[in-house]
Amino acid sequence: MSQMVRAFAPKADPDKCVGCGNCQLYCPEGTVMLDENKKPIYDYRYCKGCGVCANECPVHAIEMVKEGTQ
Amino acid sequence: MSFTRMMEGNEAAAWGAKLARAEVVPAYPITPQTELISNIATLIADGTMKAEYIKVEGEHTAMAAAVGASVAGARVFTASSSQGLAFMEEALWQPPGRRLPIVMCMVNRTMGPLGGLRPDHTDSLLQRDLGWIQLYCENSQEVLDTILMGYKVGEDRDIYLPVGVCYDGYFVSATATPTTVPDQAEVDKWLPPYRHEWYSLIPGEFKMPPPQSFVQMRMGLEDALQRSKKAIEAVDKDYKRRFGRGYDGLLEEYNCKDAEAVIMTMGSMTGTARDVVDIMRDKGKNVGLIKMRGFRPFPTEELQRIAPKYKALAVVDRNNSFGSAGGGIVSMEVARALYSVPDRPLLLNFHVGLSGTDVTMRQIEYMYKETLKAAETGKVRRVVDWVETHDLGEVM
Amino acid sequence: MISEKFDRRYSDILIQGGTQCCPGCGGPLFWKLALEALGPETIVYGDGPCAMCALRSIKVPFFAIHFSFIADGATGISAAMRAKGREDITIVSSGGDGATGDISLGKVSAAAERNENIIQVCIDNEAYMNTGIQKSGLTPYGAWTTTTPAGKESNKKDVPLIIAAHKVPYVATASVAYPRDLQAKLRKAKEIKGFKYIHTVIPCPTGWRFDPAKSVEVTRLGVDTWTWPLYEIEKGVLKMSRKPEQKPVTEYLKAQGRFRGLKELQVEHIQAEVDARRKNLIAQDGKSLTI
C-alpha cells in the first residue's frame with residue numbers, strides 16, 4: 001500500500017545497529033521494531049518513508065534508499 | 001405513590017425527567033425554562049432523583065455533553081428555549097443523525113431581536129428539518145406524560161430518535177394546572193432502562209454503527225421518522241391503557257362532528273380554543289378544532305384522511321417564516337400535505353400570539369368567523385391574516 | 001512472518017500503523033506514546049487537528065463530534081461513566097491548537113472550572129492545519145501561514161497558563177522529542193482525580209516546512225532553545241521538567257521554512273521573549289504560581 005506513496009524507504013544495516021531502540025521509539029507510525037535479536041525490522045506495508053528513524057539513529061545504521069531497492 | 005396537585009409546566013417536566021430515571025442532565029438556564037432545571041436540581045439535591053446534573057456553561061455545550069453521554073449509554077434529558085436552542089443548533093444535528101434517543105424540553109419562547117421572553121413557536125419550528133420528533137403540549141399534565149412517552153418512542157430499537165417535548169413558556173411553563181404524577185414503580189414497569197444496541201464506549205465492548213454512505217444514513221433517518229408515526233400512536237394508546245391519559249397521537253379532532261369550519265392550533269392556545277368551540281357550538285355554529293400535537297413527523301396521511309370532511313380549514317401559526325411562500329410554517333406544511341387531495345378544504349392562515357402576545361377568546365372567535373365565512377362563500381378573504389392587526393375591541 | 005509480528009504489535013500498542021497523517025507528523029507519534037502510557041482501559045474523545053487522522057487508527061473506544069465541542073462530549077461521557085459506576089475508565093479529551101485554544105477555549109475552561117475528571121490533551125501543531133495551514137491563536141509570532149503570509153503579527157496564546165489559572169490539579173507541557181517525559185506525565189495524570197491538562201507541541205513537516213525526517217530533531221530544538229519549555233504545574237506549584245543548556249533560537253527558526261521571512265529585528269524580539277520566559281520560569285521553579 002505505502003509503496004505507492006513512498007519515494008524513499010528505510011534500510012537498516014544490522015551490523016552497524018547497536019539495538020538502542022530509538023527507531024522504534026520515534027517512528028510516528030510504529031512500522032519499525034526491534035526483533036528478538038534487537039535488530040530493526042520494517043513493516044513496508046505501512047511505512048511512509050518519512051526518514052525519522054534514519055535521522056534519529058545515533059550510529060547512522062539506517063539509510064533512506066530509493067523505494068523498491070530496500 | 002401517585003399524587004395529584006397543582007403544578008406548573010416546568011415542575012411537571014422535572015417530575016417527568018425524574019420518573020423517566022434520566023441519568024445525565026446537562027443543562028443551561030434560559031427564561032422560560034429556568035425553573036425546570038432548578039426543579040431538577042432540587043429533586044436531585046433532596047435525594048428524590050438520582051442523576052448527574054452537569055451545570056454547563058452554555059447551550060452549545062449542553063447538547064454536546066448530551067450526545068457524549070447518550071453514546072456512552074446514559075439516558076439523557078435536557079431543555080432549552082429560543083436563543084439557547086439557536087445557540088445549540090450546531091449540536092442539535094447530532095442526535096437525529098446519530099440516532100440518539102435524547103428527550104429535550106423545548107420551552108417555547110420567541111426569537112430575538114423581534115420579541116422578548118414570551119412564547120411563540122418559531123424557536124422550535126426553526127429546528128424542524130433536523131430530524132427530531134416534535135410534540136407540542138397543551139398543559140402541565142401533557143408535558144409530564146409526553147416526556148415519558150418520548151423515551152418510550154425514542155428508545156424503541158426500530159426508531160432511535162430524539163424527541164422534542166415543546167410547550168409554551170409562561171402559559172404552560174409557569175401556569176399551574178392540576179397534574180397527576182404517576183407512581184415510580186408503575187413507570188418502571190412500563191419504561192425499561194436505556195440500552196442502545198448500536199453504541200458502546202466501554203473498552204473491550206466498543207461498538208459504533210457500521211459505516212454507511214451519507215445518503216444511506218439520511219434515508220435511514222427519514223425512514224425512522226416515518227415509522228415513528230405508528231410508534232407515537234401506539235405508545236400513546238398504551239400509555240392511556242396503563243395510566244389513564246392519552247392524547248390521540250399526532251392529531252386530535254375536538255368537537256368536530258359535522259363541522260364545516262375547523263381551525264388547527266398548536267400549544268397552549270388549544271386550551272382556549274376548546275372553550276371557544278364549545279361556546280360557538282352551543283350557539284349552533286358548525287365549528288370544530290384540530291389540535292396538532294405532533295409536528296414532526298408531520299402527520300400527512302392522517303391529515304389527508306380527515307381534512308376532506310371539512311369545508312374550510314384555518315391553520316393558526318404562532319410563528320414566522322419571513323419571506324415565505326405564503327404565511328406561517330405550519331400552514332405551508334399543511335398546504336403541501338393537502339396539495340394532492342382533490343376534495344381538500346379551503347385553506348386559511350392566521351398569525352396570532354406572535355412574540356408571546358395573548359391569544360384571546362375573541363381572537364379565536366374572529367378566526368372561526370372568518371373560516372365560517374370562507375366555508376359559506378367558497379372564498380378566502382385573506383390568504384394570510386395577521387390577527388393582531390385587527391381591532392377587535394379588546395385591550396391587549 | 002514479519003507482517004504477523006506487526007499485526008500483533010499494532011494490537012499491543014493500541015494503534016494501527018499507517019495512519020492517514022502526513023509522513024513525519026507528530027500526531028501518530030503522540031498517540032503511539034500516549035496509548036502505551038494510558039493502557040487499554042481508556043476512552044478517547046476529540047476532534048480537530050489533522051493529527052486526528054491518527055485517532056481513526058487507535059484501538060481503544062473513540063468518539064468525536066466537531067472541534068467546536070472539545071471537552072463537551074468528554075463531559076457527557078464522564079457523567080455517563082459515573083452514572084454507570086465505571087469511573088475506573090480513563091477519559092481523554094483531545095483537541096488540536098485551533099480546537100483547544102480557539103474555538104473550544106471556553107469549553108475547555110468550563111470543563112476545568114467544573115473540575116471534570118478527564119485528561120484534556122492539546123495536540124498543538126501551531127495552526128489550523130487540517131484546513132490547509134491557517135493561523136490559529138497558538139501560531140507563534142512571525143510564522144508563515146496562508147492567512148499570515150507576512151508572518152503572524154501576534155504572540156502565541158499561552159493556554160497551559162490559562163488553564164493553570166483555573167487551579168486544576170495538574171497542568172503539564174510535553175514534547176514528542178522527549179517521549180519518556182511525555183509518558184510519565186500521562187501516567188501521573190491518569191492517577192489524579194479531577195481536571196488534568198497536558199499540552200504537547202507536535203511537529204508538522206507540511207505546515208512548518210521542513211524535511212519530515214527532521215521531525216523529532218526540530219521538536220527537540222524547540223525544547224532545547226526554550227521556545228517550548230517543559231514543565232508541570234501540580235497543585236499550583238511549578239516544576240521544570242528540563243532545564244537544558246539554552247541553544248540560540250535561530251537554530252530552531254532556521255530549521256523551518258515557515259520562519260524564512262523573519263527579519264533580524266524579529267529574530268531578536270523572539271530571542272528576547274524566550275530569554276525573558278526562561279528567566280521567569282527558572283525564578284519560579286518550585287514556587288506556587290497561583291495568586
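Chain B contains an open sheet of five strands, arranged in the order E4-E5-E7-E6-E12, and the pairing within this sheet is mixed. The edges of the sheet are formed by strand E4 (77-80) and strand E12 (294-296) of chain B, each of which pairs on one side only. From one strand to the next, the twist in this sheet averages 25 degrees. The structure described here is a predicted model.

- Strand E6 (residues 133-137) and strand E7 (residues 163-168) of chain B run parallel and are joined by five bridges.
- One residue pair can be named here: B:Tyr136 has B:Cys166, in E7(B), as its bridge partner.
- Helix H8 (residues 140-154) of chain B lies across strand E5 (103-108), E6 and E7 of chain B. The direction of H8(B) is at about 170 degrees to that of E7(B).

**Chain B as a whole**

- In total, the secondary structure of chain B comprises 14 helices and 15 strands.
- Chain B has a radius of gyration of 21 Å, and the globule rule gives 21 Å for 396 residues; the two values are close, so chain B is as compact as a globular protein of that length.

**Where chain B meets chain C**

- Two pairs of chains touch, and the pair with the most contacts is that of chains B and C.
- On this interface, 25 residues of chain B are in contact with 29 residues of chain C.
- Four elements of chain B each supply at least two residues to the side that touches chain C: strand E2 (24-27), strand E3 (52-55), helix H3 (59-71) and helix H5 (89-92).
- The element that gives the most to this side of chain B is H3(B), with eight residues.
- By class, the side of chain B that touches chain C consists of 17 nonpolar, four polar and four charged residues.

**Where chain C meets chain A**

- Here 24 residues of chain C are in contact with 21 residues of chain A.
- Helix H1 (2-13), helix H2 (26-38) and helix H9 (215-224) of chain C are the elements that give two or more residues to the side of chain C that touches chain A.
- H1(C) gives the most to this side of chain C, with six residues.
- The residues on the side of chain C that touches chain A divide into 13 nonpolar, seven polar and four charged.

**Chains A and B**

- Chain A and chain B are joined by no contact, and their closest C-alpha atoms lie 22 Å apart.

**The sheet of chain C**

- Chain C has an open sheet of eight strands in the order E2-E1-E3-E4-E6-E5-E7-E8, with mixed pairing.
- Strand E2 (62-63) and strand E8 (237-240) of chain C stand at the edges and have a single partner strand each, so one side of each is left without a neighbour in the sheet.
- Strand E1 (residues 42-47) of chain C runs parallel to E2(C), and two bridges join these strands.
- Within this pairing, C:Val44 has C:Phe62, in E2(C), as its bridge partner.

Note on methods: Residues numbered from 1 in each chain as written. Chains lettered and ligands numbered in written order. Predicted model: local features only at pLDDT ≥ 70, side-chain atom pairs only at ≥ 80, totals over all residues. Rg over C-alpha atoms; globule rule 2.2 N^0.38 Å. Contact = placed C-beta atoms within 7 Å. Nonpolar A, V, L, I, M, F, W, Y, C, P; charged D, E, K, R; others polar. Pairing = 2+ DSSP bridges. Axes fitted to C-alpha atoms, helices over the stretch in contact; angles between N-to-C directions.
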